[in-house]
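Visitor: I would like a close look at one part of this model, and then a walk to whatever else there is to see. Please keep it plain.

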Amino acid sequence: MLLFSDVASVFEEIEKRSGRLEMTDVLATLLVRADAAEIGELIYLLQGIVAPPYLGIDLGVGERFAIAAIASASGYAPGEVEKDYKKSGDLGDTAEALLRKRKQTALSTTEMGVEYVYDAMLRLAKASGPGSQDAKIKHLTELLNNASPIEARYIVRFVLGRLRLGVGDPTILDSLSVAKAGDRSMRESLERAYNVCSDMGYVARTLYTKPETIQSFHVQPFKPLMPALAEREDSPKSIIARLGRCGVEMKYDGFRLQCHKLGEKVELYSRKLERMTDMFPDVVKEARKLKTEGIIFEGEALAYDKKKGRYFPFQQTMHRRRKHGIEEASIEFPLNLFVFDILYLDGADMTGESYRSRRAAIQRIFKGKVLQPSQMKLVRTAKELKVIFDDAVSKGLEGIMAKDLEAHYTAGKRKFAWIKLKKSYGKAVDTIDGVVVGYYLGRGQRAEFEFGGVLVAVFNPDSGKLETVAKCATGFTEDEMVSLRETLEKMKTAKPPPNLEYNIEVDYWVEPKFVVEVAFDDITQSPNHTCAMSEGKGLALRFPRMVKMREDKTIKEITTSDEVRRMFELQRAKS
Ligand code: ATP
């Protein structure tokens, strides 16, 4: 049995390291000691979650609860806990410090194993209904009563969702490989397994019980796949140069849904892999009617405006569903789901099949109106592609998606198997998705709203760091400024995110969670930003402005530094 005290001391060790290789080695020494019964739970603890995201089990513990629990476990008054927190800026540190000077000792203490701590966290997360707030405080207090000061530091950070070890999924995958194979040789198959089930705990359990199956890990209904993502090009010519003959689909600005069906059971997941089944009863009903026993498919859902004879874009589709009630909205604004991929069919994993044969299956299976194949044409030349693109744009669509006929479905990866061409490309305006890492207070006219803009970062998967790319102060409406400031205020932290590389300061740092889409004119080099830094200069967006909040994206899906660098190179090549 792995003791939580061992986990805590490894966490402490990891916090002192900054390089990914070092962290991997330290973490592997911990993973190697876990047995098959506890490895899954240990992995969730490392990821700072209690279950894979699609199960929707959040810890939901606010600072107030944590303060109450620290107070009762340490014997200090809540006011004293808050006072220490004001100084330390981290409730985990406060818990540690106050437990060190504990005014009362617990009557009896249990030695806590990983499973024990995990189960307590799960109970805490699942407590709901009347009295659940007290129950959460009680569970947390019990844990803290049994905890050493160091353990308390991590327990408190964990329940607040601020573990911040700087250990991301890539490091955990590396460490699992090192723990089992002694080197990184299993990394690729572990990563694929994770990408096709989005449940790292499950992958680890499989690795510890049936390691031989990792290599051929299969897609399974009700374990959502991480979505395949598209690269971009800026002209029909460059797309044809890359793909040659290819399939060109309409690019719909809808809501990406992954639909899983087995027998009568149907579940829907969003792009962020959150369960969306209740939001789209119309899609569920149609999926049940399909004449296949088991199927996983993906498509873009769009609401149709009968009066105007056109589709609503994504934001409006969702807004109408929320505002008018789901049932009413599905009658007034019926949905169409344009199916563009199929990932599993009657026991067979389809992700290793070519796009050509997946597409043939789509054409065979989807004949209805609600669920229909996305529009697709085979093209050979840039000229043919341009005709389809112009047609898409004239219909008010975003553009097209060109697809490599021979490519597999690569879950969770951005590949040239799919290439997007949007109407904005080739013009001055392009956008990135970044995460807000800090914000500024208003000055001058803006002082009234106390909001002066945000500092936005992109992700560098090689180093595991967030790198800043823009200070974005325009493009917000007054209402947005007020609501954004309220949202960010709740996410304030005393220190910058631990994995942030930055050269400029902000008024307040925040938890890196909130994803925004930012438009810009072009990309320049600047010593103020750290994106794709080389020779003391990073890449920065010129004239950045806020386009919209991307509530449908998690931080794992933001633009990477490498993509920004590619945009910069495309721009250079053009000029
Ligand atoms: P990305 O998904 O690449 O991170 P994004 O969410 O900002 O980027 P876009 O760059 O506009 O979106 O385009 C990709 C998205 O387009 C896909 O995630 C999918 O939801 C949507 N899409 C629309 N039509 C199609 C189609 N025919 N095939 C694949 N994806 C499509």
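Visitor: What kind of ligand atom lies 3.0 Å from a backbone N or O atom of methionine 250?

Guide: A nitrogen atom of the ligand lies at that distance from the backbone atom of methionine 250. Bear in mind that this is a predicted model. In arginine 256, a polar side-chain atom is 2.8 Å from an oxygen atom of the ligand. In lysine 403, a polar side-chain atom is 2.8 Å from a nitrogen atom of the ligand.

Now to the helices. Helix 6 covers residues 91–100, and helix 9 covers residues 149–159. Their axes are 7 Å apart, and the angle between them is about 150°. An angle over 145 degrees counts as roughly antiparallel, and helix 6 and helix 9 are therefore described that way. The crossing of helix 6 over helix 9 is right-handed. On the helix 6 side, the contact consists of Leu91, Gly92, Asp93, Ala95, Glu96, Leu99 and Arg100; on the helix 9 side, of Pro149, Ile150, Ala152, Arg153, Val156 and Arg157. By class, seven of these residues are nonpolar, one is polar and five are charged.

Helix 6 also packs against helix 5, which spans residues 78–88. Here the angle is about 125° and the axes are 8 Å apart, which makes helix 5 oblique to helix 6. This crossing, too, is right-handed. Val81, Asp84, Tyr85 and Ser88 of helix 5 touch Leu91, Asp93, Thr94 and Leu98 of helix 6. That contact has four nonpolar, two polar and two charged residues.

Helix 4, residues 63–74, is another partner of helix 6, at an angle of about 10° and with the axes 10 Å apart. Helix 4 is therefore roughly parallel to helix 6. From helix 4 come Glu63, Ala66, Ile67, Ile70, Ala73 and Ser74, which meet Leu91, Ala95, Leu98 and Leu99 of helix 6. Eight residues of this contact are nonpolar, one is polar and one is charged.

Leu91 takes part in the contact with helix 9, in the contact with helix 5 and in the contact with helix 4.

Technical notes
Residues numbered from 1 in each chain as written. Predicted model: local features only at pLDDT ≥ 70, side-chain atom pairs only at ≥ 80, totals over all residues. Heavy atoms only, no water. Axes fitted to C-alpha atoms, helices over the stretch in contact; angles between N-to-C directions. Helix = DSSP H or I, 4+ residues; strand = E, 2+ residues; numbered from the N terminus. Parallel < 35°, antiparallel > 145°, perpendicular 65-115°, else oblique. Left-handed = near helix turned anticlockwise from the far one by under 90°. Contact = heavy atoms within 4.5 Å. Nonpolar A, V, L, I, M, F, W, Y, C, P; charged D, E, K, R; others polar. Polar contact = N/O pair within 3.5 Å; in protein donor to acceptor, adjacent residues only side chain to side chain.
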